[in-house]
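Please read the following report alongside the sequence and the coordinates. It treats confidence, domains, helix packing and backbone geometry in turn.

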Amino acid sequence: MEPSNFRRKNVGLRLLAILMCCGRWTECAASSGDSSSVQHLLADSFREELLITPLDTEHLHLQFKFTITTPRRAHYGHVDLFPKSVADVMEKHALEELHLVLTQGLYRHRQWGYAAEAWAPTGAQVYAWFSPDDTSTPFSSAASQHSVDQRWKGLTNSLAGLFCATLNDVTNAKSISPVWQFRPQGLTRAGSVNNSLVRYSTLPRENVCTENLTPWKKLLPCGEQSGLARLLNAIKLLSSHYFSLALNVRPVCNNDNRKSCAVEEQLLQATFTATAVIQPGSVQDFNKLHWSLKDIFEVELERGCPLADQSLIYVDQGLPGSPMQEMALQPFPSFTMALPENNHRLAVYDLANSTTFNGPKFTLSGKSPSTVQPGLHEPLLTTHRFVAGYGQHKGAIKCRLENHDPTSALRVQYLEVLPWFLRVYLHTLRLSVPILRSHFRPARDRIAPHHIELLFDIPSASSIEFAVEFDLTLLKWTEYPPDAHRGFDVPPAVVAVMLKSPEQCSHVTMMPGFDSCFLRLYTEALLVNLPTPDFSMPYNVICMTCTVLALAFGPIHAYTSKSLVVGEKESAQRPLVKLKNKVKALIAKWKARRTRVAVPDSTSSAEQDSSPTS
Amino acid sequence: MTSIRKREIKGGRRRRDSAEDGQDVARSNDEHEAEVLPSAVPSVEQRTTSPPSIPDSKPPVLPDFWDSFNTLYYFGVFLLIGVPIWWVTTTTTYSSLPHSQIAALSTFAQEKGLLRSHQLQDRTVTVVEPAQKWKTFWNLPPLTAVDIVFTLVNPSPEKLKVTWNIEESLTKHLDPVLSRFLPIANFTVSSQVVRYIDAQMAVGSDSETGKKTLTFREAAKIINSVESRLGASSSDKHVLNFIVYVPPPEQQPTTLVDADGAAVPTNAFITPRWGGVMLYTLHGAALPPSERHLVEIDVDSVTKVFLTQFFMHIGLIDTEQKYAANVDFEKDLDALLIKRMQLNVDDSISTLKSLSNLLGQMGNIAINGAVGRNIYEAVDAIKASKKSFAAKDFPGALAHSRRAWEKSEKAFYDPSLLEQLYFPEDQKFAIYVPLFLPACLPVVTSGVKWSMTFLKWRKFNQAQNTKQPLE
């Protein structure tokens, strides 16, 4: 299709729209494809997609999405495309849903805008919904009898092994059960939506690396041998500005009806998502508007994965009127489509269709128009959170939320999880807007973190700022990490926005289980400096304390158990004199012995007697 | 102060409590003592070292009551509270262990000869004693749970679309067999499909017939390349992998040949304790390379081959007996139960013995209650197993042996054993020496001194008493 001139329209959530609609579009495609043949339901299905979104900042946002579904069962003994390890984890810990994200870098909403399902906090985040202990449902496994805490511990250990991440560091002291956030994203059943069945935790310090990417890729049906996964070049991805690996497993329904779904129509869906924000071109290369998949990943695509039902690449061309509509793409797309809600245009390449290929290999390149100004499309809501205060006694965490919508207020859900070693004063938390709902659960030392959830409105085109103050505490000296002076990580806060109008809704993903739609943002993870002792000190302290104690004890002991009594002067001989006498006595003794040996006479005894006294 | 005390006055003395008196003493040492001192103080013998046995001249005198009391009190506190606290806080918790009982246990391997054959009421059961050590290596180690995973490996999914309905076949052929092995272990069966494996095998060809052949050495590459894709097991069960490898069309049909170049009839090989691999041959004409072919695996033939391999793993058949069809379940199963029971008991005993040795050598390893309990239970279960065995109750013996093995493994691998492993002996003293040395020296010396004075005093008194009647 030729680039045509559309009416330029300034809509903030341009990028968001595409990505979210993408997910919906594929879901629709899945349901329409499978509904014709019910007996084929027992087969696993696999779909691979790549969405390329040029950003205003000349970066490229790339999102790989691999979706595998399998019929939902109580026991996943025999699997085909669905990864057995994931099915094992779901079954062993009796999970309803599992969401794991490993992220490197911080997603900069302000510059890059929003991107679909890319809102992941720095580090690792995991949350899971557990099955209730209820044997009446067809999908309940024996493991549901174990307590949720037990299963959560088992789950994080399993995931740690599966993805080579230190998720085994997730303890109860770092986990909460969110009250309003992190609702189930898939099918739910009666009694399964209960706060006691969800656990959420983040590890801001987790470093994402190749060792996480490799096991993640191994779970895909085609591995990294074929299809879009070939593009996942670890060196390129991990040197990007932002890189996030996700695994989301949830039960879905084969038809679109989420309220009631027949048992045989229920599917378990695992979505593997890899998101990267990459700057195409090298530092020397000033022509950053031109990009190609080959340059970015240094890998050429030969074909789509033969196991995939669909193998698609989308290029986001923006809303009508956006300069991105004039993007020059090479080769020509298989087809272009406009999303029904807002005419958002996507160029689609179908890798299963051989006519897409312009040669033996598939190379896609594009040239963005140079008229785009960075920061033109400011996102609807931006967040910023930072540490305030100085010194080693008190501190505060401040959060600023800005609503850029000129017309309507935003209803915001705010979730803050603070580690137990910050002694939070809740009374210092003051908002300039009324809090509609709040939940606060104070921390318990080494057992549970602070858990604050708030619901409030941000007025249109304004920003609000609030802070919570805390005292810094000393930890036990074995609780300090080896690099204690680096500071202690505070997990990012979660900001969820419930969008009301359908206009806004069309930009954002439709979260299953919600009637309205929402978007979830994560603030920065923070570092707080706790007072740290000098770790070389303990032995010195022991010695010092002992010396002081000994010095105190000696005189007290002597004073209480001994009396001062006057002796005679003669007896108070000086030590030197005593020594001299002793030596004299010894010499005399020796002499006496010699004389006795020489002359065995009785006279020596007299000498012997007198000599010591002299 | 002590020096003053040492030399003082045996006959009569004055206690000075106040600081004022202390000043007096200081002064008296400087000036002429005789003038200041009250005349009541008698003259004292010069020689303090004079033996107390010399009677009437200098009678030894005990320190006054409060001094004695304080000295002894310090000493008592030091002995009765200080030393025990130090001892308790620096020793590792050590529940008592049945070392002697463990040492007395003997493995079946040590007692062999007794066990070669057993007369049941209607038949004789012979225990297969592996002649060579490598043969025991064929069998699975002692275990209580096995994960049997069947994996279909399709290295070229773009050329072959392979399907299998293994679930049905396993239900039909494997499940009834597994139910008979339940006394040995619990089994879970699962299957998966793995694609895109690059085994990089060099397929040779037979010089006479021109058929494609694959040597064991080359075929072993399948295991290397497949293993990383098999998926991490989320449990700590023993995993047995059975792999069906479908070579790509250009390598079809491939025959597995042994070291002598003879074709292996089953086209499969076994890897001890790990599982087995079968090369799946597509029959019929050569496949055109361009199209994608649909292949339906003959699951029954696959299951039968793997069933034989499974019998070998579990120890039901030896390598000499080639096929599962030759298995006489009634007879062989009893022998197998006994064999597994003996394996369990022997392994459990050797585990306990090594643990007991280890604990004997390294006193710093803490033994908490749970570990201690596991060890006791393992010992009891071993004894129970042997007792049941002697009473010819083989299923009972096997059940006990499983428990023994489980408990001994649990005790041996308990993470708490590692906790104080590296706490060196000298540190337990080093940490407290700065406190104890300065504090205990005066306490001990004063205590010793007091007791010596007391002894002298008593001896003197006794001497007086014995002397008086004489006078």
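The report below begins with conventions and confidence and then turns to particular elements.

## Basis and confidence

This is a predicted model, in which local features need pLDDT of at least 70 and side-chain atom pairs count only at pLDDT 80 or more, while totals for chains, interfaces and linings use all residues. Residues are numbered from 1 along each chain as its sequence is written, chains are lettered from A and ligands numbered from 1 in the order in which they are written, and side-chain values use heavy atoms, with hydrogens and water left out.

The predictor assigns the complex an ipTM of 0.76 and a pTM of 0.77. Where pLDDT is low, the predicted coordinates should not be read in detail.

## Domains of chain B

Chain B is divided into domain 1 (66–89 + 423–464) and domain 2 (140–314), with bounds that come from an automatic or database domain assignment. The centres of domain 1 and domain 2 of chain B, taken over C-alpha atoms, are separated by 76 Å.

## Helix packing in chain B

Helices here are DSSP runs of H or I with at least four residues, strands are E runs with at least two, and both are numbered from the N terminus. Helix H7 (residues 166–180) and helix H9 (residues 299–314) of chain B pack at an angle of about 30°, with their axes 9 Å apart; axes are lines fitted to C-alpha atoms, for helices over the stretch in contact, and angles run from 0 to 180 degrees between N-to-C directions. H7(B) is therefore roughly parallel to H9(B), a term for angles under 35 degrees.

Helix H10 (residues 329–361) and helix H12 (residues 394–412) of chain B also pack at an angle of about 30°, with their axes 8 Å apart, so H10(B) is roughly parallel to H12(B). Among the residues making this contact are Leu337(B) and Met341(B) of H10(B) and Phe394(B) and Trp405(B) of H12(B).

## Backbone geometry in chain A

The peptide bond from Gln330(A) to Pro331(A) is cis, with omega near 0°, and Pro331(A) is found in the loop between strand E11 (328–330) and strand E12 (335–338) of chain A. Ala94(A), although not a glycine, has a positive phi of about 50°; Ala94(A) lies in the loop between helix H2 (84–92) and strand E3 (95–104) of chain A.

Conventions:
Angles under 35 degrees count as roughly parallel, over 145 as roughly antiparallel, 65 to 115 as roughly perpendicular and the rest as oblique. Contact means heavy atoms within 4.5 Å.
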